[in-house]
Amino acid sequence: MRSLSSIHWRSPKRWLSRGSSSTIWFALKSCFARLLGEPVPHDSTNTDTLPQLDELDRRLTAANQWLAAYHDGLKPGQLQEPIRFVFVDGKQGMLSREEAIFHLVNHGTYHRGAIGHALDRADGNRPADTYTVFIHGAEPERRNA
């Protein structure tokens, strides 16, 4: 989010990046509801009114913490359990919990790539955003293993 704040506030690229960040959050909230067997809180994949960057940062940080805690709290075998749901477009779906979590990671990666592209086009500061950067930041002892 710090990198997005470097783009002029009227730039279409900043709007695109805020929209992509908001879409990530909407997907997270929908998938969390499905993982818990609760109703999906949204009837679309984004909002007409985009939250400000600081609010998106707060939401995404909280969502990441929730997902990590959820995953860590699963008992053996629960990752393979199927979850059945209805997509926003009304079609039926079924994924294992593991596939749903993978979908969230993959979906976020796709949108972060779009945000990175917008940052490049706007001459913004694009942070390194790869799995190896993440894992070495989370577990620095692996850097020189």
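**Ring pairs and a helix contact in a predicted model**

Modeller: Leaving out residues up to four places away in sequence, S96 touches L79, Q80, E81 and P82, where contact means heavy atoms within 4.5 Å. This is a predicted model, in which local features need pLDDT of at least 70 and side-chain atom pairs count only at pLDDT 80 or more, while totals for chains, interfaces and linings use all residues. Residues are numbered from 1 along each chain as its sequence is written, and side-chain values use heavy atoms, with hydrogens and water left out.

Colleague: Where does S96 sit, then?

Modeller: S96 belongs to strand β2 (residues 92–96), strands being DSSP runs of E with at least two residues and helices runs of H or I with at least four, numbered from the N terminus.

Colleague: Is S96 buried or exposed?

Modeller: S96 is buried, because its relative accessible area is 11%; buried means under 20%, exposed over 50% and partly exposed in between, with a 1.4 Å probe and protein chains only.

Colleague: Switching to rings, how many aromatic pairs are there?

Modeller: The count is three aromatic pairs, taking rings of Phe, Tyr and Trp (its six-membered ring) whose centres lie within 6.5 Å, with planes under 30 degrees apart called stacked, over 60 edge-to-face and the rest tilted. One of them is W66 with Y70, which is stacked at 5.0 Å centre to centre with 10° between the planes. Both residues lie in helix α2 (residues 53–73), four residues apart, about one turn of the helix.

Colleague: And the F85 and F87 pair, what geometry does that have?

Modeller: F85 and F87 are edge-to-face, with 4.9 Å centre to centre and 80° between the planes. F85 counts as buried because its relative accessibility is 8%, whereas F87 is partly exposed at 41%.

Colleague: Which residues do ring pairs link into a cluster?

Modeller: The cluster consists of F32, W66 and Y70, linked by ring pairs.

Colleague: What about the packing of α2 and α3?

Modeller: Helix α2 packs with helix α3 (residues 97–121) at an angle of about 155°, their axes 12 Å apart; axes are lines fitted to C-alpha atoms over the stretch in contact, and angles run from 0 to 180 degrees between N-to-C directions. The two helices are therefore roughly antiparallel, since angles over 145 degrees count as such, under 35 as roughly parallel, 65 to 115 as roughly perpendicular and the rest as oblique.

Colleague: Which residues make that contact?

Modeller: L67, Y70 and H71 come from α2, and R97, I101 and L104 from α3.
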